[in-house]
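Dear colleague,

I am passing on the structure we spoke about, and my notes on its charged pairs and on confidence follow below it. Please read them with the model open beside you.

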Amino acid sequence: MLATMAMVVVIGWQVYDVARTDYGMTPREAAFQLGLLGLVQFVPLALLTPVAGWVADRYERRLVARIANGIDLSIALMLGIATSADWLSLPLLFALAALHGVARVFVGPSMAAIAPNIVPPALLPRAIAMSSIAWQSASVGGPALGGFLYAADPALPYWLCAACMGIAMLALTPIRRVVPPPIAGSAHPLRQMVDGLSYVRGHRFLLGAITLDLFAVLLGGATALLPVYARDILHVGPEGLGQLRAAPALGAATVALWFAVKPLHANVGIKMLLAVAGFGGATIVFGLSQSMPLSLAALVALGGFDMLSVYVRSSLVQLHTPDAMRGRVSAVSGLAISASNELGELQSGFAAALLGAVGAVVFGGVGAVAVAAIWYYLFPEIKGARSFAPPEPRRDDAPSQEMPA
């Protein structure tokens with residue numbers, strides 16, 4: 001994750017900077033390129049998510065994660081060489097960003113599906129919080145490190161990323177081998193892939209929890225426009241961009257550490273909804289800010305609220321899903337997260353081209369608050385979730401899991 005976040009911040013800066021410098025684009029036109037960057041990363045995710053979920057439920061999950069990390073390692077090396085040789089162009093950056101999307105779509109379901117196999121269900125929420133600490137700590141260090149290293153030598157972040165990806169591949173070795181349970185029935189693989197989507201659609205709680213994150217972050221994707229703020233609004237350069245990208249992860253890591261020590265127990269559903277509303281409010285403050293300290297504080301709050309939402313949703317989705325379906329349901333959840341991030345970047349880029357960067361961020365924050373309010377009434381199953389314990393099977397919710405009379 002350290003490598004991924006460092007690479008993401010540098011690619012975003014390079015896309016915006018190359019568009020402004022080499023292609024002579026205006027700030028709004030260059031912001032539109034950031035939206036396209038989100039789109040090219042989302043397309044492989046949208047196309048390959050069913051395949052990735054099926055692979056995670058069919059093949060040894062550590063191997064899948066290793067291969068995906070190997071692809072990212074290759075991307076880092078190619079970007080380092082292109083940066084050193086001054087071969088950068090928008091088509092090259094977009095192509096490698098799309099390949100990065102391919103790697104991410106496979107590593108997500110495989111890694112998410114491993115956790116419930118090696119952690120007892122009672123400890124899973126705490127384990128997710130501890131995993132999030134590692135994830136968010138790297139998300140704090142990665143962008144800041146990427147920005148500072150880029151200021152020293154534009155290719156240096158990519159050499160670091162390649163080394164970190166190699167370490168990540170080795171770090172998977174101590175995890176015991178996890179063989180997915182057999183997929184029941186003899187359905188065609190394509191049918192098995194679609195089963196994950198069908199399962200989520202047929203369970204209103206899972207559908208509501210996953211789509212809440214999808215639409216909230218889709219509208220509130222302020223991070224896509226951070227290069228615009230760093231270069232043309234706050235005037236803090238690539239070093240400042242690294243700090244801006246690290247700020248949400250700092251807030252998220254703090255909240256994750258708190259939950260690792262003191263996990264949530266009561267009224268988890270309503271707290272998830274309130275967290276999404278808080279995420280939108282912090283996004284509005286950031287959008288209107290022209291002060292670096294206030295912008296950093298707003299982004300820290302944004303990350304904290306987002307971590308609370310992710311912590312609750314991840315725990316509930318994992319505990320409400322049978323093991324034989326976890327890979328495919330994790331893939332659907334991963335698609336929603338990726339869609340919210342990458343399509344959120346696309347939406348932010350388009351909105352910035354029409355409204356300007358400030359208008360686009362404020363519009364997205366208001367939208368996130370509205371989504372939380374709408375989901376409160378549209379999915380009463382969410383606000384009805386009092387704890388992380390899975391509910392008893394319901395006749396109208398999961399007929400295939402009904403208990404015998």
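Glutamate 60 forms a salt bridge with arginine 62, with 3.4 Å between the closest N and O atoms, and both glutamate 60 and arginine 62 are buried. Please bear in mind that this is a predicted model, in which four salt bridges are found.

Another of these pairs joins the side chains of aspartate 17 and arginine 231, at 3.6 Å from N to O. Because aspartate 17 belongs to helix α1 (residues 2-21) and arginine 231 to helix α9 (residues 226-233), the pair ties together parts that lie 214 residues apart in sequence. Aspartate 17 is partly exposed, at a relative accessible area of 21%, and arginine 231 also counts as partly exposed, at 26%.

Aspartate 232 and arginine 20 likewise meet through their side chains in a salt bridge of 3.6 Å, N to O, and this pair links helix α9, which holds aspartate 232, with helix α1, which holds arginine 20, across 212 residues. Aspartate 232 is partly exposed at 24% relative accessible area, as is arginine 20 at 21%. Through shared partners, salt bridges join Asp17, Arg20, Arg231 and Asp232 into one network.

As to confidence, the chain averages a pLDDT of 80, and 85% of the residues score at least 70. Helix α6 (residues 156-171) has the highest confidence, at a mean of 92, whereas helix α7 (residues 189-201) has the lowest, at 65. Over residues 393-405 the pLDDT is below 50, and this stretch has ten contacts in the model beyond near neighbours in sequence. Where pLDDT is low, predicted coordinates should not be read in detail.

Best regards

How values were computed. Residues numbered from 1 in each chain as written. Heavy atoms only, no water. pLDDT = per-residue confidence, 0-100. Helix = DSSP H or I, 4+ residues; strand = E, 2+ residues; numbered from the N terminus. Contact = heavy atoms within 4.5 Å. Buried < 20%, exposed > 50% of the residue type's maximum accessible area, 1.4 Å probe, protein only.
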